[in-house]
Amino acid sequence: MVDDGSTDSTERICKSLLATDSRLSYHRQENSGVSVARNYGIEQTTAERILDANEQAGHRRPALVADMHFREQFYGYYEGQDMSMAWLAAGGPHGAQTYQAIVSQYGLAATRDFLKEADPFHDAES
């Protein structure tokens, strides 16, 4: 969840949601506009799917659904780390220094392979 400098109770609500689901993360930034917030969220995520739930843009708030077939990928050593540094370590040797560069040059599956390769303990899933 990216909070683009909201002045209402967004931060409190998002932080309360963090306690209910370990897959969620919360990032707050000074108001920079929806495009900057969306790009920041993309850089920070470890998810394969991103949900844009900007209600002011006319999107309806989605219902939370539990699915026994969904689980987050485990990133081993990089779990919980600054992902921009993780993607640099993973993609740098391949000439791609960001998550977006890895995906555009090598495809989505390569992100997992490169991260496992860069993980010093080789615990990351591929």
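I looked up H2 and found its buried residues packing against strand S1 (2–4), strand S2 (27–29) and H3. I take contact as heavy atoms within 4.5 Å. Helices (H or I, at least four residues) and strands (E, at least two) are DSSP runs, numbered from the N terminus.

Note on the source: this is a predicted model, where local features need pLDDT of at least 70, side-chain atom pairs count only at pLDDT 80 or more, and totals for chains, interfaces and linings use all residues. Residues are numbered from 1 along each chain as its sequence is written, and side-chain values use heavy atoms, with hydrogens and water left out.

Next I checked which residues of H2 (34–44) are buried, and got Ala37, Gly41 and Gln44. Buried means under 20% relative accessible area (1.4 Å probe, protein chains only). Down the axis of H2 they fall within an arc of 70 degrees, so they line one face of the helix. The arc uses directions from the helix axis to the C-beta atoms.

Then I moved to the core. The largest nonpolar core has 13 residues, and Trp87, Ile102 and Leu115 touch the most other members. Such a core is a set of buried Ala, Val, Leu, Ile, Met, Phe, Trp, Tyr and Cys residues joined through side-chain atoms within 4.5 Å. H3, helix H4 (99–106) and H5 each supply at least two of its residues, with the largest share, 4 residues, from H3.

Last, I followed Leu115: beyond its neighbours within four places in sequence, its contacts include Tyr75, Trp87 and Ala124.

Note on methods:
Buried < 20%, exposed > 50% of the residue type's maximum accessible area, 1.4 Å probe, protein only.
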